[in-house]
Amino acid sequence: MSDRHDHHDEPGHHHRHGHHDQHGHPHQLGHGAGRASLRHRLGHLLAPHSHETADKVDRALESSARGMRALWVSLAVLGVTALAQAVVVAVSGSVALLGDTVHNAADALTAVPLAMAFVLGRRAATRRFTYGYGRAEDLAGLVIVLTIAASAAFAGWTAVDRLLDPRPVQHLPAVAVAALVGFAGNEWVARYRIRVGRAIGSAALVADGLHARTDGFTSLAVLLSAGGAALGWRFADPVVGLAITAAIVLVLRDAAREVFRRVMDAVDPALVDRAEHALAGVPGVRGVGELRLRWIGHRLRAEVAVVVDGESTVREAHRIAVDAEHALLHAVPRLTAALVHADPEAAPGEADPHRALAHHATA
(Lines give C-alpha, C1' and ligand atoms only; values in the text may rest on other atoms or scores of the structure.)
Protein backbone atom coordinates (compact mmCIF):
# COMPACT_ATOMS: atom_id res chain seq x y z
CA MET A 1 0.00 0.00 0.00
CA SER A 2 1.42 3.36 -0.89
CA ASP A 3 0.41 6.94 -0.72
CA ARG A 4 1.49 10.04 -2.52
CA HIS A 5 1.22 13.34 -0.75
CA ASP A 6 2.04 16.42 -2.77
CA HIS A 7 1.88 19.78 -1.06
CA HIS A 8 0.97 21.60 -4.27
CA ASP A 9 -0.27 25.13 -4.19
CA GLU A 10 -3.75 24.24 -5.39
CA PRO A 11 -7.05 25.62 -4.19
CA GLY A 12 -8.67 23.30 -1.74
CA HIS A 13 -5.53 21.24 -1.12
CA HIS A 14 -4.24 22.61 2.16
CA HIS A 15 -2.89 20.93 5.27
CA ARG A 16 -2.55 22.98 8.41
CA HIS A 17 0.67 22.22 10.23
CA GLY A 18 0.83 24.77 13.02
CA HIS A 19 3.71 27.21 12.85
CA HIS A 20 6.42 27.00 10.22
CA ASP A 21 9.64 28.75 10.36
CA GLN A 22 12.06 30.13 8.59
CA HIS A 23 13.24 29.39 12.17
CA GLY A 24 16.61 30.94 11.66
CA HIS A 25 18.04 27.77 10.19
CA PRO A 26 21.21 28.45 8.26
CA HIS A 27 20.73 28.86 4.56
CA GLN A 28 23.16 26.56 2.82
CA LEU A 29 24.97 28.44 0.11
CA GLY A 30 28.19 27.55 1.78
CA HIS A 31 28.21 30.46 4.18
CA GLY A 32 26.83 31.75 7.44
CA ALA A 33 23.61 31.35 9.30
CA GLY A 34 20.59 33.58 9.87
CA ARG A 35 18.54 34.19 12.99
CA ALA A 36 14.81 34.59 13.38
CA SER A 37 13.78 38.15 14.03
CA LEU A 38 12.17 39.18 17.32
CA ARG A 39 9.07 40.17 15.42
CA HIS A 40 8.85 36.72 13.83
CA ARG A 41 9.23 35.00 17.20
CA LEU A 42 6.54 37.16 18.77
CA GLY A 43 4.33 36.37 15.80
CA HIS A 44 4.63 32.67 16.60
CA LEU A 45 3.46 33.31 20.14
CA LEU A 46 0.58 35.62 19.32
CA ALA A 47 -0.93 34.16 16.15
CA PRO A 48 -1.50 30.73 14.59
CA HIS A 49 0.45 29.83 11.47
CA SER A 50 0.06 27.33 8.68
CA HIS A 51 1.83 25.97 5.62
CA GLU A 52 -1.07 26.77 3.37
CA THR A 53 -0.89 28.22 -0.12
CA ALA A 54 -1.51 31.79 1.03
CA ASP A 55 1.42 31.59 3.48
CA LYS A 56 3.73 30.29 0.78
CA VAL A 57 2.69 32.99 -1.66
CA ASP A 58 3.22 35.65 1.01
CA ARG A 59 6.72 34.35 1.75
CA ALA A 60 7.53 34.21 -1.96
CA LEU A 61 6.36 37.79 -2.46
CA GLU A 62 8.27 38.94 0.61
CA SER A 63 11.47 37.29 -0.67
CA SER A 64 11.04 38.80 -4.13
CA ALA A 65 10.31 42.22 -2.63
CA ARG A 66 13.50 42.07 -0.56
CA GLY A 67 15.45 41.03 -3.61
CA MET A 68 13.98 43.86 -5.69
CA ARG A 69 14.75 46.39 -2.99
CA ALA A 70 18.35 45.17 -2.80
CA LEU A 71 18.69 45.46 -6.57
CA TRP A 72 17.36 48.98 -6.89
CA VAL A 73 19.30 50.31 -3.91
CA SER A 74 22.54 48.78 -5.19
CA LEU A 75 21.79 50.01 -8.71
CA ALA A 76 21.50 53.57 -7.39
CA VAL A 77 24.69 53.37 -5.32
CA LEU A 78 26.77 51.81 -8.09
CA GLY A 79 25.29 54.16 -10.68
CA VAL A 80 26.41 57.19 -8.70
CA THR A 81 29.82 55.59 -8.11
CA ALA A 82 30.36 54.82 -11.79
CA LEU A 83 29.22 58.28 -12.83
CA ALA A 84 31.69 59.95 -10.46
CA GLN A 85 34.50 57.72 -11.72
CA ALA A 86 33.58 58.35 -15.36
CA VAL A 87 34.07 62.09 -14.87
CA VAL A 88 37.58 61.47 -13.54
CA VAL A 89 38.34 59.04 -16.39
CA ALA A 90 37.42 61.73 -18.90
CA VAL A 91 39.89 64.24 -17.45
CA SER A 92 42.68 61.84 -16.43
CA GLY A 93 42.85 59.26 -19.22
CA SER A 94 43.54 56.43 -16.74
CA VAL A 95 42.83 53.02 -18.28
CA ALA A 96 43.02 51.36 -14.85
CA LEU A 97 40.23 53.64 -13.66
CA LEU A 98 38.41 53.13 -16.95
CA GLY A 99 38.41 49.37 -16.42
CA ASP A 100 37.13 49.84 -12.89
CA THR A 101 34.43 52.25 -14.06
CA VAL A 102 33.24 49.95 -16.84
CA HIS A 103 33.06 47.06 -14.42
CA ASN A 104 31.12 49.12 -11.90
CA ALA A 105 28.68 50.20 -14.61
CA ALA A 106 28.26 46.59 -15.75
CA ASP A 107 27.69 45.51 -12.16
CA ALA A 108 24.99 48.13 -11.76
CA LEU A 109 23.28 47.03 -14.97
CA THR A 110 23.11 43.39 -13.83
CA ALA A 111 20.27 44.57 -11.59
CA VAL A 112 18.06 44.73 -14.68
CA PRO A 113 17.94 40.99 -15.58
CA LEU A 114 17.70 40.07 -11.90
CA ALA A 115 14.81 42.46 -11.38
CA MET A 116 13.03 40.98 -14.39
CA ALA A 117 13.58 37.50 -12.96
CA PHE A 118 12.18 38.46 -9.54
CA VAL A 119 9.09 39.98 -11.18
CA LEU A 120 8.61 36.95 -13.42
CA GLY A 121 9.12 34.60 -10.48
CA ARG A 122 6.05 36.07 -8.77
CA ARG A 123 3.76 34.72 -11.47
CA ALA A 124 1.62 31.75 -10.57
CA ALA A 125 2.27 28.31 -12.05
CA THR A 126 0.42 27.44 -15.25
CA ARG A 127 -0.45 24.24 -17.08
CA ARG A 128 2.66 24.75 -19.23
CA PHE A 129 5.01 26.00 -16.50
CA THR A 130 3.75 23.70 -13.75
CA TYR A 131 6.60 24.58 -11.37
CA GLY A 132 6.12 28.30 -11.90
CA TYR A 133 8.72 30.77 -13.17
CA GLY A 134 11.29 30.64 -10.39
CA ARG A 135 14.01 29.30 -12.70
CA ALA A 136 14.06 32.67 -14.47
CA GLU A 137 16.33 33.73 -11.64
CA ASP A 138 18.88 31.12 -12.72
CA LEU A 139 18.72 32.41 -16.29
CA ALA A 140 19.41 35.89 -14.92
CA GLY A 141 22.46 34.42 -13.22
CA LEU A 142 23.73 33.29 -16.62
CA VAL A 143 23.24 36.80 -17.98
CA ILE A 144 25.24 38.17 -15.05
CA VAL A 145 28.08 35.74 -15.78
CA LEU A 146 28.14 36.83 -19.44
CA THR A 147 28.16 40.48 -18.35
CA ILE A 148 31.15 39.87 -16.09
CA ALA A 149 32.93 38.08 -18.94
CA ALA A 150 32.28 40.99 -21.33
CA SER A 151 33.59 43.55 -18.83
CA ALA A 152 36.73 41.43 -18.30
CA ALA A 153 37.34 41.29 -22.05
CA PHE A 154 36.91 45.05 -22.46
CA ALA A 155 39.13 45.90 -19.48
CA GLY A 156 41.83 43.52 -20.70
CA TRP A 157 41.76 44.83 -24.25
CA THR A 158 42.00 48.44 -23.07
CA ALA A 159 44.92 47.68 -20.75
CA VAL A 160 46.89 45.83 -23.46
CA ASP A 161 46.30 48.68 -25.89
CA ARG A 162 47.64 51.21 -23.36
CA LEU A 163 50.58 48.91 -22.54
CA LEU A 164 51.57 48.94 -26.22
CA ASP A 165 51.00 52.68 -26.50
CA PRO A 166 51.76 54.27 -23.07
CA ARG A 167 50.33 57.70 -22.31
CA PRO A 168 50.69 59.88 -19.21
CA VAL A 169 47.89 59.92 -16.64
CA GLN A 170 46.62 63.36 -15.62
CA HIS A 171 45.09 64.58 -12.33
CA LEU A 172 46.49 61.75 -10.19
CA PRO A 173 44.94 62.99 -6.91
CA ALA A 174 41.50 62.85 -8.53
CA VAL A 175 42.22 59.30 -9.74
CA ALA A 176 43.14 58.27 -6.20
CA VAL A 177 39.95 59.77 -4.76
CA ALA A 178 37.85 58.09 -7.46
CA ALA A 179 39.47 54.76 -6.56
CA LEU A 180 38.48 55.18 -2.91
CA VAL A 181 34.94 56.11 -3.92
CA GLY A 182 34.77 52.99 -6.07
CA PHE A 183 35.94 50.79 -3.22
CA ALA A 184 33.49 52.25 -0.71
CA GLY A 185 30.51 51.99 -3.06
CA ASN A 186 31.26 48.43 -4.12
CA GLU A 187 31.97 47.08 -0.66
CA TRP A 188 28.71 48.52 0.68
CA VAL A 189 26.75 47.03 -2.21
CA ALA A 190 28.55 43.68 -1.88
CA ARG A 191 27.66 43.32 1.79
CA TYR A 192 24.07 44.31 1.13
CA ARG A 193 23.55 41.97 -1.84
CA ILE A 194 25.22 38.98 -0.21
CA ARG A 195 23.27 39.43 3.03
CA VAL A 196 19.91 39.66 1.26
CA GLY A 197 20.81 36.94 -1.26
CA ARG A 198 21.61 34.46 1.50
CA ALA A 199 18.53 35.47 3.47
CA ILE A 200 16.17 34.76 0.56
CA GLY A 201 18.19 31.89 -0.94
CA SER A 202 19.09 33.65 -4.22
CA ALA A 203 22.30 32.27 -5.76
CA ALA A 204 22.15 34.91 -8.49
CA LEU A 205 22.01 37.77 -5.98
CA VAL A 206 24.87 36.26 -3.95
CA ALA A 207 26.92 35.90 -7.14
CA ASP A 208 26.18 39.53 -7.95
CA GLY A 209 27.35 40.51 -4.46
CA LEU A 210 30.61 38.61 -4.88
CA HIS A 211 31.04 40.41 -8.18
CA ALA A 212 30.66 43.78 -6.44
CA ARG A 213 33.14 42.79 -3.72
CA THR A 214 35.82 42.05 -6.29
CA ASP A 215 35.06 45.37 -7.94
CA GLY A 216 35.85 47.04 -4.62
CA PHE A 217 39.29 45.48 -4.41
CA THR A 218 40.01 46.33 -8.05
CA SER A 219 39.14 49.93 -7.19
CA LEU A 220 41.88 49.85 -4.57
CA ALA A 221 44.27 48.58 -7.25
CA VAL A 222 43.69 51.84 -9.10
CA LEU A 223 45.42 53.53 -6.17
CA LEU A 224 48.54 51.57 -7.03
CA SER A 225 48.42 52.79 -10.59
CA ALA A 226 48.12 56.38 -9.39
CA GLY A 227 51.03 55.88 -7.00
CA GLY A 228 53.19 54.27 -9.68
CA ALA A 229 52.40 57.03 -12.15
CA ALA A 230 53.25 59.63 -9.52
CA LEU A 231 56.65 57.97 -9.13
CA GLY A 232 57.23 58.19 -12.86
CA TRP A 233 56.54 54.57 -13.91
CA ARG A 234 54.64 55.00 -17.15
CA PHE A 235 53.55 51.37 -17.31
CA ALA A 236 51.89 51.47 -13.89
CA ASP A 237 48.46 52.32 -15.25
CA PRO A 238 48.18 49.55 -17.90
CA VAL A 239 49.82 46.95 -15.66
CA VAL A 240 47.26 47.62 -12.94
CA GLY A 241 44.59 47.52 -15.62
CA LEU A 242 45.73 43.97 -16.47
CA ALA A 243 45.69 43.06 -12.77
CA ILE A 244 42.11 44.30 -12.56
CA THR A 245 41.26 42.13 -15.55
CA ALA A 246 42.74 39.11 -13.77
CA ALA A 247 40.65 39.88 -10.68
CA ILE A 248 37.51 40.09 -12.80
CA VAL A 249 38.34 36.68 -14.30
CA LEU A 250 38.61 35.19 -10.81
CA VAL A 251 35.20 36.46 -9.76
CA LEU A 252 33.86 35.26 -13.11
CA ARG A 253 35.05 31.76 -12.22
CA ASP A 254 33.38 31.82 -8.81
CA ALA A 255 30.12 33.28 -10.09
CA ALA A 256 30.00 30.87 -13.03
CA ARG A 257 30.53 27.90 -10.72
CA GLU A 258 27.74 29.04 -8.37
CA VAL A 259 25.27 29.64 -11.17
CA PHE A 260 26.24 26.40 -12.98
CA ARG A 261 25.56 24.39 -9.85
CA ARG A 262 22.17 25.99 -9.43
CA VAL A 263 21.22 25.40 -13.08
CA MET A 264 22.27 21.75 -12.67
CA ASP A 265 20.02 21.39 -9.59
CA ALA A 266 22.94 21.03 -7.18
CA VAL A 267 22.24 21.45 -3.46
CA ASP A 268 24.47 21.49 -0.42
CA PRO A 269 24.80 17.86 0.82
CA ALA A 270 24.19 19.20 4.33
CA LEU A 271 20.60 19.92 3.27
CA VAL A 272 20.15 16.28 2.26
CA ASP A 273 21.57 15.14 5.61
CA ARG A 274 19.23 17.50 7.43
CA ALA A 275 16.21 16.19 5.50
CA GLU A 276 17.11 12.53 6.10
CA HIS A 277 17.60 13.15 9.81
CA ALA A 278 14.21 14.88 10.06
CA LEU A 279 12.42 12.08 8.23
CA ALA A 280 14.05 9.38 10.38
CA GLY A 281 12.46 10.95 13.45
CA VAL A 282 8.89 10.88 12.11
CA PRO A 283 6.69 8.29 13.91
CA GLY A 284 5.71 5.57 11.46
CA VAL A 285 8.63 6.11 9.08
CA ARG A 286 10.69 2.91 9.09
CA GLY A 287 13.16 3.97 6.45
CA VAL A 288 14.03 6.69 3.97
CA GLY A 289 14.41 5.77 0.33
CA GLU A 290 15.15 8.06 -2.58
CA LEU A 291 15.41 11.73 -1.59
CA ARG A 292 15.74 14.58 -4.06
CA LEU A 293 15.99 18.31 -3.50
CA ARG A 294 16.06 21.02 -6.13
CA TRP A 295 16.12 24.81 -6.20
CA ILE A 296 13.48 26.67 -8.17
CA GLY A 297 14.66 30.26 -8.04
CA HIS A 298 15.34 30.89 -4.35
CA ARG A 299 12.95 28.23 -3.05
CA LEU A 300 13.41 24.48 -2.57
CA ARG A 301 11.19 21.53 -3.47
CA ALA A 302 11.64 17.95 -2.31
CA GLU A 303 10.66 14.48 -3.52
CA VAL A 304 11.10 11.57 -1.15
CA ALA A 305 10.04 7.96 -0.63
CA VAL A 306 9.54 6.74 2.95
CA VAL A 307 9.01 3.16 4.12
CA VAL A 308 5.95 2.49 6.29
CA ASP A 309 4.30 -0.58 7.83
CA GLY A 310 2.94 -2.72 5.02
CA GLU A 311 -0.24 -3.34 7.00
CA SER A 312 -1.05 0.38 7.28
CA THR A 313 -4.33 1.61 5.87
CA VAL A 314 -4.38 4.27 3.20
CA ARG A 315 -5.37 6.84 5.80
CA GLU A 316 -2.53 5.83 8.11
CA ALA A 317 0.01 5.96 5.30
CA HIS A 318 -1.30 9.36 4.26
CA ARG A 319 -1.02 10.66 7.81
CA ILE A 320 2.59 9.52 7.97
CA ALA A 321 3.25 11.23 4.63
CA VAL A 322 1.74 14.47 5.95
CA ASP A 323 3.85 14.23 9.10
CA ALA A 324 6.95 13.59 7.00
CA GLU A 325 6.29 16.65 4.87
CA HIS A 326 5.65 18.71 7.96
CA ALA A 327 8.98 17.61 9.44
CA LEU A 328 10.78 18.53 6.21
CA LEU A 329 9.19 21.98 6.10
CA HIS A 330 10.51 22.67 9.58
CA ALA A 331 13.95 21.12 9.10
CA VAL A 332 15.00 22.36 5.65
CA PRO A 333 15.34 26.13 5.19
CA ARG A 334 13.66 27.64 2.10
CA LEU A 335 11.68 24.43 1.46
CA THR A 336 8.16 25.29 0.28
CA ALA A 337 6.77 21.94 -0.91
CA ALA A 338 7.48 18.22 -0.73
CA LEU A 339 6.10 15.20 -2.54
CA VAL A 340 6.16 12.25 -0.12
CA HIS A 341 5.60 8.71 -1.41
CA ALA A 342 4.90 5.95 1.12
CA ASP A 343 6.32 2.50 0.29
CA PRO A 344 5.18 -0.60 2.22
CA GLU A 345 7.85 -2.37 4.22
CA ALA A 346 8.94 -5.51 2.41
CA ALA A 347 7.46 -8.80 3.64
CA PRO A 348 9.18 -12.20 3.30
CA GLY A 349 8.45 -13.72 -0.11
CA GLU A 350 6.59 -10.64 -1.33
CA ALA A 351 7.38 -9.43 -4.85
CA ASP A 352 8.83 -5.96 -5.31
CA PRO A 353 5.79 -3.68 -5.72
CA HIS A 354 7.80 -1.49 -8.11
CA ARG A 355 8.74 -4.37 -10.40
CA ALA A 356 6.34 -3.21 -13.10
CA LEU A 357 8.27 0.07 -13.33
CA ALA A 358 11.73 -1.46 -13.64
CA HIS A 359 11.89 -1.45 -17.44
CA HIS A 360 11.12 2.31 -17.49
CA ALA A 361 14.15 3.12 -15.34
CA THR A 362 16.56 2.17 -18.15
CA ALA A 363 14.51 3.69 -20.98
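User: Among contacts in the chain between residues at least 6 apart in sequence, what share joins residues at least 24 apart?

Analyst: Happy to start there. This is a predicted model, where local features need pLDDT of at least 70 and side-chain atom pairs count only at pLDDT 80 or more, while totals for chains, interfaces and linings use all residues. Residues are numbered from 1 along each chain as its sequence is written, and side-chain values use heavy atoms, leaving out hydrogens and water. With contact meaning heavy atoms within 4.5 Å, the share of these contacts that joins residues at least 24 apart is 76%.

User: Is V196 buried or exposed?

Analyst: V196 sits in helix α6, residues 172-200; helices (H or I, at least four residues) and strands (E, at least two) are DSSP runs, numbered from the N terminus. Beyond residues up to four places away in sequence, V196 touches R66, G67, A70 and L205. Buried means under 20% relative accessible area, exposed over 50% and partly exposed in between, with a 1.4 Å probe and protein chains only. The relative accessible area of V196 is 5%, so V196 is buried.

User: How are α4 and α5 oriented to each other, roughly parallel or roughly antiparallel?

Analyst: Good one for the geometry. The axes of α4 (residues 111-121) and α5 (residues 136-164) come within 8 Å and cross at roughly 175°; axes are lines fitted to C-alpha atoms, for helices over the stretch in contact, and angles run from 0 to 180 degrees between N-to-C directions. Angles under 35 degrees count as roughly parallel, over 145 as roughly antiparallel, 65 to 115 as roughly perpendicular and the rest as oblique. The two helices α4 and α5 are therefore roughly antiparallel.

User: Which residues make the contact of α3 with α4?

Analyst: From α4 come A111, V112 and P113. On the α3 side, the residues are D107, A108 and L109.

User: Which residue takes a positive phi in the hairpin of β2 and β3?

Analyst: Strands β2 (residues 287-296) and β3 (residues 299-308) run antiparallel and are joined by eight bridges; two strands pair if DSSP finds at least two bridges between them. In β3, V306 stands opposite V288. Two residues lie between the strands of the hairpin, and the one with a positive phi, near 70°, is G297.
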